[in-house]
Amino acid sequence: MGNRLASRGTATIRRAIAPSAVAASPVKAPIQNVHYASILALITACCLAIEVMAPDGWRPAASWLLFAPACGLLVAGIPALLVARRARRAEQLALEKDELIGLLLKDYGGERGDWVWSCDAEGRLRGVSQKFALHAGRLAGVLEGTLLADLLGEARIGKVSAPDAVTLAMRQRQPFYNLEARIVAGGTECNWRMAGKPVFHEGRFAGYVGTAANITSEFRARQTMTYLAYNDGLTGLANRVQFQKRLAECIARLERYGTAFTLLYLDLDKFKAVNDSLGHQAGDRLLIEVAKRLAAQLRKADLVARLGGDEFALILPDTADPGNVANLAMRLIHQTCLPFAIDGKELSIGVSIGIAIAPDNGNDADQIVRNADVALYRAKAEGGDSYCFFEAAMDAEAHEQHALEIELGEALERGELIFHLQPMIRTVDGGVHGLEAMLRWNHPTRGLMLPAAFVPVAERSGLIDQISEWKIFEACRALARLPEHLHIAVNVSTRHFRNADVASVVAEALKAANVAASRLEIEVTEGLLIENLEDAAADALAALKRLGTSISLDHFGTGYSSLSCLRKFDFDRLKIDGSLAAAANSDADARATLEAIMALARSLGIAVACEGVETTAQAEFLGKAGASMLQGEFCARPMPLADVALVTGAEVAPQPAAPAIARRSDAAVA
């Protein structure tokens with residue numbers, strides 16, 4: 001089949017490039033040469049014979065008698081000589097044509113869909129085949145005489161567009177290869193790959209002949225690959241590769257022309273909770289909607305890229321005015337904070353933005369990126385849904401935080417983390433009901449550090465998961481040394497709930513310490529309810545309740561979602577934030593809020609504990625209002641486990657020499 005196809009193609013090309021080829025086989029040149037050589041030899045022999053044998057008087061006449069016929073034979077042979085020369089020229093052209101055919105049909109038999117085309121010296125299509133017309137979506141008669149350049153649409157050879165490339169090649173009589181052109185055939189866009197070579201007849205330029213193939217599928221596949229190489233496959237925004245390319249271009253303009261630009265780093269707030277609770281498909285749809293809102297706020301010259309996960313970056317070329325950038329940041333925050341309708345649910349998230357302006361905040365890519373990232377962390381530390389410009393002081397702070405992060409990781413290995421216990425006092429009889437485990441870092445040079453100094457670093461670095469697990473195991477170890485009527489409350493970070501199965505960790509710690517689950521209380525914050533959403537939080541808390549542990553809601557009264565969620569979560573205790581307790585004596589609104597919380601808790605059958613109690617007046621008011629337990633400086637300061645006996649009167653057992661729980665805790669930290 002391939003041979004027949006090649007044969008038909010060869011015939012077509014030959015018809016296209018040699019319309020006036022010689023029909024009959026020419027007389028071969030070697031025959032002509034022998035003919036003339038024989039005549040000359042005969043004449044020479046006759047002349048010699050006359051010279052030797054003829055009488056002197058007869059020699060001139062005899063010579064003329066022989067010479068005249070010889071001349072006649074020579075003259076009669078001139079047309080034959082001209083025919084022979086034309087035959088040789090035809091043979092040479094045939095060889096050139098065969099060479100051209102071989103070039104054009106090099107892969108003809110193996111490439112289905114190729115077809116032949118030809119045009120005259122003016123570039124007009126001639127001898128249009130049905131196959132050419134079929135792929136061009138027009139009648140052959142209509143295409144006949146059409147300029148080839150007019151047929152080609154948008155395409156390029158290197159930096160030259162297809163029609164210009166063809167016209168230029170024809171003007172210079174040069175061959176062209178791998179020309180890719182867009183053709184509108186029957187109202188549908190398709191793509192061709194074309195090759196052509198000039199044809200000469202008897203030294204005169206006669207036009208072009210070539211092949212073409214439909215490469216629409218290949219072209220679209222290449223487009224897709226190129227798109228995916230520079231764009232995010234989910235949102236359609238620029239990806240990290242395109243972001244770095246555009247950033248490098250901005251740096252180059254900055255170095256050459258001093259053109260300033262701005263970089264914004266964005267990180268979505270509360271997105272991971274959506275992803276964890278509703279699944280990755282819902283999270284992906286949310287990212288798509290976020291991308292649309294971000295892109296809608298930008299100019300055409302700006303770039304918005306998704307760097308991965310819920311991280312985005314914006315490049316604003318030629319923009320360095322802080323006022324304009326701040327206005328854009330506020331618009332982005334406002335648009336992102338508006339509710340999203342995903343899978344029939346209304347979801348609310350936020351965004352934190354870090355801003356760096358070049359060259360004020362850096363004149364190379366690494367520096368400007370790092371400073372925008374530092375500003376982003378400051379925005380998130382301020383609670384999210386905010387933007388922050390980079391300031392020079394942040395750089396020193398960032399270095400310090402990074403050093404602290406490294407030291408914190410080493411502190412886990414060296415056993416520098418400890419916790420103190422603060423008693424919780426019953427309002428009924430003043431007895432100690434239990435204790436809350438409070439984390440401390442016994443830093444070798446800075447001394448005893450409180451959680452506020454290093455927990456944010458642990459949250460950002462991811463070390464909080466290991467620290468939270470360590471606290472659970474250490475609390476169970478402490479319970480094993482305390483009397484059975486005492487319990488210990490441990491605050492577990494929201495991030496730990498997101499990243500681990502807290503119920504499994506608690507079950508393992510209780511088993512290793514051989515203590516009852518009812519003696520351990522897990523404290524969660526309102527952030528768990530907000531970030532993990534209701535379904536995921538309910539599942540996690542239900543798993544803990546099945547173990548037998550009690551659950552308390554810490555820092556109650558400072559958020560906005562607590563009251564609406566109390567009926568949906570089975571809490572054993574509410575711990576009212578110390579800021580409300582501190583304002584109880586002087587602020588009528590605070591007292592009214594406390595009384596309302598107490599009444600709500602009683603109606604739901606939930607016990608209330610108040611932390612941050614510092615004065616007798618506060619303790620009396622809270623006791624009358626309905627609090628069942630108090631915690632704070634008024635009751636007792638946080639203390640090491642060994643000092644608990646001084647307050648509770650309960651004997652603290654000595655620490656085991658090599659408990660199994662210690663080995664599990666060390667493994668968790670490692």
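Q: Let's start with one side chain: is D302 buried or exposed?

A: Buried means under 20% relative accessible area, exposed means over 50%, and partly exposed is in between (1.4 Å probe, protein chains only). D302 has a relative accessible area of 11%, so D302 is buried. Before we go on, a word on the source: this is a predicted model, where local features need pLDDT of at least 70 and side-chain atom pairs count only at pLDDT 80 or more, while totals for chains, interfaces and linings use all residues. Residues are numbered from 1 along each chain as its sequence is written, and side-chain values use heavy atoms, with hydrogens and water left out.

Q: Which residue forms a salt bridge with D302?

A: A salt bridge here is a side-chain nitrogen of Lys or Arg within 4 Å of a carboxyl oxygen of Asp or Glu. For D302 the partner is R299, with the closest N and O atoms 2.6 Å apart. R299 has 44% relative accessibility, so R299 counts as partly exposed.

Q: How many salt bridges are there in the whole structure?

A: The search finds 25. One of them joins D232 and R306, whose closest N and O atoms are 3.2 Å apart. D232 sits in the loop between α8 (216-230) and α9 (240-257), and R306 is in strand β8 (residues 303-308), so this pair ties together parts that are 74 residues apart in sequence. Helices (H or I, at least four residues) and strands (E, at least two) are DSSP runs, numbered from the N terminus. D232 is buried, at 12% relative accessible area, and R306 is buried too, at 13%.

Q: And what about D572 and K545?

A: Their side chains meet in a salt bridge at 2.9 Å, N to O. This pair links distant parts of the chain, 27 residues apart: D572 is in the loop between α21 (562-565) and β20 (573-576), and K545 is in helix α20 (residues 533-547). D572 is partly exposed at 28%, and K545 is partly exposed at 25%.

Q: Which residues are linked in a network of salt bridges?

A: That would be E180, R193, E218 and R222.

Q: How do I read strand pairing, say for β4 and strand β5?

A: Two strands pair if DSSP finds at least two bridges between them. β4 and β5 (residues 188-201) pair in the antiparallel sense over eight bridges, and L179 has M194 in β5 as its bridge partner. The hairpin has two residues between the strands, and G186 takes a positive phi near 60 degrees there. Strand β4 (residues 176-185) is mostly covered, with seven of its 10 residues buried.

Q: Where do the nonpolar side chains go?

A: In soluble globular proteins, nonpolar side chains tend to be buried together. A nonpolar core is a set of buried Ala, Val, Leu, Ile, Met, Phe, Trp, Tyr and Cys residues joined through side-chain atoms within 4.5 Å. The largest core here has 81 residues, and those with the most contacts inside it are I488, L520, I522, C610 and L622. Helix α16 (residues 464-481) gives the largest share of this core, nine residues. Apart from this core lies another, of 30 residues, among them L268, V274, A329 and F340.

Q: What does L520 touch?

A: Contact means heavy atoms within 4.5 Å. Not counting residues up to four places away in sequence, L520 touches A475, C476, L479, I488, V490, V506, L510, T549 and S550.
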